[in-house]
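Notebook open. I went through the two chains, then their contact, then single residues.

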Amino acid sequence: MDVDRRDILKGLIGGSAIAAVVASAIPAAVKEPDAIPAVPDAVGLLYDATVCIGCRACMPACQNANGLTPDRGGSGGLYMQPDTLNAHTKNLIKLYTAPDGHEKSFMKQQCMHCIDPACVSGCPMNALHKEPHGVVGWNPTLCIGCRYCQVACPFNIPKFEWDKVNPKIVKCELCRHIVGKTDTQPACTKVCPTHAVVYGKRTDLLAEAHRRIEANPDKYFENRVYGEFEAGGTQCLILSHVDFARLGLPALGNESPPAQVRRVSEFIYRGFLTPIVLYGGLAGVMHYRWKHHLIHSETSDHREGDPHPPQETNP
Amino acid sequence: MIGRWQRCVRLNQPLLTKPFFVFASLAALAFILGLFREFTGLGYVTGLNDGYTWGLFKNWNVTALTALGSGGYAVAILTWLFNQRKFHPIMRTALLTSFLGYGTGMIALGFDVGRPWNFLHFNNPRNWNPHSVLMEVAICMTAYVIFALDVENMPPFLERLYKSPDPKKSVLAMRIFYAIRGTFPFFVALAFLLPSMHQSSLGGLMFLAGSRVHPLWQTPRIPLLYLLMAYILGLACVLMVLLLSSMVWNLGWDLDVLEQLTKLMGRITVVWIAVQFADLAYRGVLHQAFTFDYFSCWFLAETMLLLVPALLLWFKPLRTEPGTLFLLTFLLSLGGVIYRFTPTTIAFFPLGNYKYFPSITEILMSIGFTSFAITLFLIAVKRFAILPAPAGKITPDAAVGPFDAM
């Protein structure tokens with residue numbers, strides 16, 4: 001029994017040693033930075049709820065630009081009236097009214113184009129990906145329709161065509177099929193009569209947002225821009241005089257969800273070193289066991305010292 | 001009848017029985033509904049919506065059934081790594097449940113994904129997202145089924161080939177055996193590594209959802225909890241399958257084996273609960289478990305379903321009575337399965353006015369794919385030497401010679 005154990009130990013150590021050597025040959029440069037900064041030319045939107053008049057002109061503009069059929073659900077079939085983002089709606093203007101009726105604010109709901117998006121990090125096939133200007137795009141030829149993006153998105157933005165045989169993931173892609181080709185800006189900012197939503201480089205938009213906050217010190221909620229730091233930063237930024245949480249914007253930490261996942265993965269996997277070392281050890285033990293098992297099975301049955309050895313009986 | 005299980009035997013009984021037809025029809029219905037789904041869309045057959053996008057197929061058929069199908073992984077660790085040779089006769093049963101759990105889970109997944117034809121691009125590793133936990137799960141599960149479970153489940157087939165009256169087939173079986181004999185331990189080692197990776201990653205999947213999962217369930221330690229739960233549910237499933245098979249086909253009770261499996265399952269469960277509560281305390285959310293709101297009650301019910309059977313199984317008289325043992329194991333696995341359901345449904349915040357309850361067709365399909373596994377199990381145990389039998393029941397159909405070793 002003692003010999004037995006020593007041999008196993010030898011197998012385990014031997015296997016692990018070989019594996020460790022193999023693993024160390026793999027470059028250890030797999031460690032990632034925790035936070036991903038925005039690309040220098042990242043573009044986005046700045047939506048200022050205090051400027052928005054709720055005309056909803058951006059909604060049909062979005063529908064037309066993206067070839068979406070209008071959702072007439074909320075109006076009994078008369079006109080476009082979606083109540084949430086859905087497979088027909090990538091952009092929605094909502095009205096928040098406080099229970100006492102005094103505090104009101106519009107809210108533009110759409111993809112926030114995160115700097116380090118959970119949907120892109122989770123997407124198994126890279127169907128959701130970052131475009132050159134940091135826009136989160138969707139590639140229909142790679143998407144398998146697993147809907148992990150919908151589970152992962154902290155804002156619950158990606159929508160799925162549940163009633164289609166060939167379902168697509170529907171979400172704002174910042175009119176990437178138009179911008180830089182037939183137009184200079186997305187459909188929603190182009191039609192906005194009050195410039196409540198404007199398009200531009202993220203750095204410029206952020207500077208503009210802070211300029212507005214400084215010009216009107218107590219106008220905006222907590223004197224901050226939603227999306228500057230939330231979930232690692234978003235490229236679409238929001239200014240409002242109402243508590244962001246009441247507008248449906250979740251309170252998120254400054255670390256992006258993918259960064260948190262990478263931290264845990266890196267802790268477990270150590271740049272894939274753990275599985276390789278583990279496999280080496282396991283293979284070492286198994287090799288030893290298997291060798292002895294083959295010898296053993298030819299000479300006796302499974303149980304040593306069994307008072308009733310098995311007998312082949314013919315019924 | 002109490003007796004030690006010695007070898008695997010083929011059940012010499014008619015295949016076409018009433019239960020077989022029931023399970024086979026349920027399975028057929030699931031595939032018919034599945035075909036219907038291919039021509040309509042997911043919304044017509046399931047209760048899923050944009051708030052709750054993962055439902056019964058992913059939670060029961062994939063997440064829960066692969067955990068219940070971790071028996072082959074858990075028992076193999078006992079048999080091989082811990083050198084407990086007495087578990088060898090139940091290895092084939094355990095490996096078969098694993099294969100069927102994973103196999104039918106993957107079938108259900110094929111119907112659940114919206115654009116399955118794009119799986120073609122899975123063949124090109126350049127399309128794999130190395131940061132995606134889901135991709136890791138997909139690769140590991142596929143590799144586990146193809147490279148580990150297939151090889152591990154080969155012995156019964158080879159044996160049948162070997163016993164064939166045609167000498168050519170016997171020679172072929174021996175040739176295959178000698179071809180894989182040298183590499184077999186490396187495949188088994190893969191069968192330890194891959195489930196360790198994907199069973200933990202199944203939990204890691206939900207970590208990306210961050211604040212969308214209630215803090216009682218959302219934790220950076222969720223991979224560890226999911227991995228431990230896979231051992232618990234894997235052992236529970238093997239136990240239930242063995243107990244039911246023994247009851248139905250009168251294979252005797254190897255109390256030595258059953259009792260040890262139960263003891264182990266109960267102790268891992270207690271460790272699991274300890275880890276969970278330690279984690280809650282460490283994250284400072286332990287008080288949320290006792291606020292007795294909706295989430296707290298659900299959490300406590302789940303914990304009780306695990307804890308009470310686990311503690312009761314500590315008493316030997318309860319472990320050695322097959323009926324009680326089955327009931328307690330069933331309750332314990334129910335708690336475990338609910339735990340695997342919770343993060344995507346009960347404890348998931350859909351951020352909007354969404355409700356989810358599986359539709360009737362969805363439930364029928366889910367049951368049907370599970371029935372498909374049971375149907376295949378019935379075919380397998382009546383065609384191959386899978387189930388363990390005590391000395392007095394070993395017939396010429398029993399496992400033989402070189403293949404018995406695998």
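What share of the 315 residues of chain A count as buried? I get 43% of the 315 residues of chain A. I call a residue buried if 20 or more other C-beta atoms lie within 10 Å of its own, exposed if 12 or fewer, and partly exposed in between, with C-beta atoms placed from the backbone.

Provenance, for the record. This is a predicted model, in which local features need pLDDT of at least 70 and side-chain atom pairs count only at pLDDT 80 or more, while totals for chains, interfaces and linings use all residues. Residues are numbered from 1 along each chain as its sequence is written, and chains are lettered from A and ligands numbered from 1 in the order in which they are written.

**Chain A**

I find 8 helices and 9 strands in chain A. Helices (H or I, at least four residues) and strands (E, at least two) are DSSP runs, numbered from the N terminus. I then looked at contacts, where two residues are in contact if their C-beta atoms, placed from the backbone, lie within 7 Å. In chain A, 63% of the contacts between residues at least 6 apart in sequence join residues at least 24 apart.

**Chain B**

Chain B has 16 helices and 2 strands. Its radius of gyration is 22 Å, close to the 22 Å that the globule rule gives for 406 residues, so chain B is as compact as a globular protein of that length. The radius is taken over C-alpha atoms, and the rule is 2.2 Å times the number of residues to the power 0.38. Along the principal axes, the C-alpha atoms of chain B fill a box of roughly 65 × 50 × 40 Å. Of the 406 residues in chain B, 51% are buried. Among contacts in chain B between residues at least 6 apart in sequence, 84% join residues at least 24 apart.

For the classes, Ala, Val, Leu, Ile, Met, Phe, Trp, Tyr, Cys and Pro count as nonpolar, Asp, Glu, Lys and Arg as charged, and the others, Gly among them, as polar.

**Helix α11 of chain B**

I checked the span of α11(B), residues 255-283. Its 29 residues reach 41 Å from first C-alpha to last, close to the 42 Å expected at 1.5 Å a residue; the expected span is 1.5 Å times one less than the number of residues. Its buried residues include B:Leu261, B:Met265, B:Trp272 and B:Leu280. The buried residues of α11(B) pack against β1 (5-9), α5 (88-112), α10 (222-249), α12 (294-312), α13 (316-319) and α14 (322-341) of chain B. Just after α11(B), B:Gly284 takes a positive phi of about 75°.

**Helix α4 on α10 in chain B**

The axes of α4(B) (residues 71-81) and α10(B) come within 7 Å and cross at roughly 95°. Axes are lines fitted to C-alpha atoms, for helices over the stretch in contact, and angles run from 0 to 180 degrees between N-to-C directions. That makes α4(B) roughly perpendicular to α10(B), a term for angles of 65 to 115 degrees. Residues in the contact include B:Tyr73 and B:Val75 of α4(B) and B:Tyr231 and B:Leu235 of α10(B). The residues of this contact divide into 7 nonpolar, 2 polar and no charged.

**Positive phi and one loop residue**

Most residues other than glycine have a negative phi. A:Glu222 has a positive phi of about 55° although it is not a glycine. A:Glu222 lies in the loop between α6 (202-215) and β9 (237-239) of chain A, and is exposed, with 10 other C-beta atoms within 10 Å.

B:Leu351 also has a positive phi of about 55° and is not a glycine. I place B:Leu351 in the loop between α14 and α15 (360-383) of chain B. B:Leu351 is partly exposed, with 18 other C-beta atoms within 10 Å.

Last, A:Arg56 lies in the loop between β1 (43-48) and α2 (58-66) of chain A. Why does A:Arg56 count as partly exposed? Because A:Arg56 has 18 C-beta neighbours inside 10 Å.

Conventions: Angles under 35 degrees count as roughly parallel, over 145 as roughly antiparallel, 65 to 115 as roughly perpendicular and the rest as oblique.
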